[in-house]
Amino acid sequence: MKINRSASAVWSGGLKDGGGSISTQSGALKEHPFGFGSRFENGKGTNPEELIGAGHAGCFTMALSLILEKAGFKAERMETKAVVTLAQEGEGFSITTVALTLRAKIPQIDAAKFQELAGTAKANCPVSKLFKAEITLDAQLT
């Protein structure tokens with residue numbers, strides 16, 4: 001099985017005075033604005049790092065759902081936050097870390113099994129495999 005998904009970006013102008021928009025194939029984002037202010041300051045619009053974070057949080061949580069199901073568990077609720085760190089390295093920038101924070105309510109699972117399965121999901125979700133950055137996980141049952 002092979003699945004292709006697409007997104008696009010349009011940009012006009014220089015880095016600081018320019019701006020652009022991001023669109024996704026699904027239409028979830030349609031010409032959503034982004035620019036220097038939304039990426040390096042607290043301006044309105046989105047930025048690549050928060051979109052990567054959303055994708056990673058979603059991928060990890062879905063992967064864990066599958067892993068839990070295969071182990072005989074079903075989550076009542078899982079909430080994952082991904083903090084993506086963009087840091088200057090020399091003349092450029094790199095995504096250096098992704099910190100995943102998971103809060104989950106999963107009936108009948110013990111803490112050790114939960115940590116094992118969450119770690120498996122962190123290591124094996126397709127988005128985690130994409131990164132060279134360090135990925136950390138703080139997983140807690142609620």
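**Note on the predicted model**

1. Ser 128 lies in helix 4, where helices are DSSP runs of H or I with at least four residues and strands are runs of E with at least two, both numbered from the N terminus. Ser 128 is buried, with a relative accessible area of 7%; here buried means under 20% relative accessible area, exposed means over 50%, and partly exposed is what falls in between, with a 1.4 Å probe and protein chains only. Leaving aside neighbours within four places in sequence, Ser 128 is in contact with His 56, Lys 122 and Ile 135, a contact being heavy atoms within 4.5 Å.

2. On the basis of these values: this is a predicted model, in which local features need pLDDT of at least 70 and side-chain atom pairs count only at pLDDT 80 or more, while totals for chains, interfaces and linings use all residues. Residues are numbered from 1 along each chain as its sequence is written, and side-chain values use heavy atoms, with hydrogens and water left out.

3. On the overall fold, the protein has four helices and six strands, and from the N terminus on these elements run β-β-β-α-α-β-β-α-α-β. The C-alpha atoms fill a box of roughly 55 × 35 × 30 Å, taken along the principal axes. Of the 142 residues in the protein, 31% are buried, and among the contacts with a separation of 6 or more, 50% are made by residues 24 or more positions apart.

4. Helix 2 covers residues 48–70, and at 1.5 Å a residue its 23 residues should span 33 Å, which agrees with the 33 Å between its end C-alpha atoms; the expected span is 1.5 Å times one less than the number of residues. At the start of helix 2, a side-chain oxygen of Asn 47 reaches to within 3.1 Å of the backbone nitrogen of Glu 49, whereas just after the helix Gly 72 takes a positive phi of about 90°.

5. The buried residues of helix 2 include Gly 53, His 56, Ala 57, Phe 60, Ala 63, Leu 64, Ile 67 and Leu 68. An α-helix has 3.6 residues a turn, so residues three or four places apart point the same way. The elements against which the buried residues of helix 2 pack include strand 4 (77–89), strand 5 (92–105), helix 3 (111–124) and strand 6 (134–141).

6. His 56 lies in helix 2 and is buried, with a relative accessible area of 0%. Not counting residues up to four places away in sequence, His 56 touches Val 98, Leu 100, Cys 125, Val 127, Ser 128, Phe 131 and Ile 135.

7. Ser 23 lies in strand 2 (residues 19–24) and counts as buried at 18% relative accessibility. The side chain of Ser 23 reaches the backbone nitrogen of Glu 31 at 2.8 Å, and Glu 31 itself is placed in the loop between strand 2 and strand 3 (32–34). Glu 31 counts as exposed at 58% relative accessibility and has a positive phi of about 50° although it is not a glycine. Most residues other than glycine have a negative phi.

8. Phi of Gln 108 is near 65°, a positive value in a residue other than glycine, and Gln 108 is exposed, with a relative accessible area of 79%.

9. Arg 77 is found in strand 4 and is exposed, with a relative accessible area of 54%. The side chain of Arg 77 makes a polar contact with the side chain of Glu 79 at 2.9 Å; a polar contact is a pair of N or O atoms within 3.5 Å, where within protein one must be able to donate a hydrogen and the other to accept it, and residues adjacent in sequence count only if both atoms are side-chain atoms. Leaving aside neighbours within four places in sequence, Arg 77 is in contact with Arg 103, Ala 104 and Lys 105.
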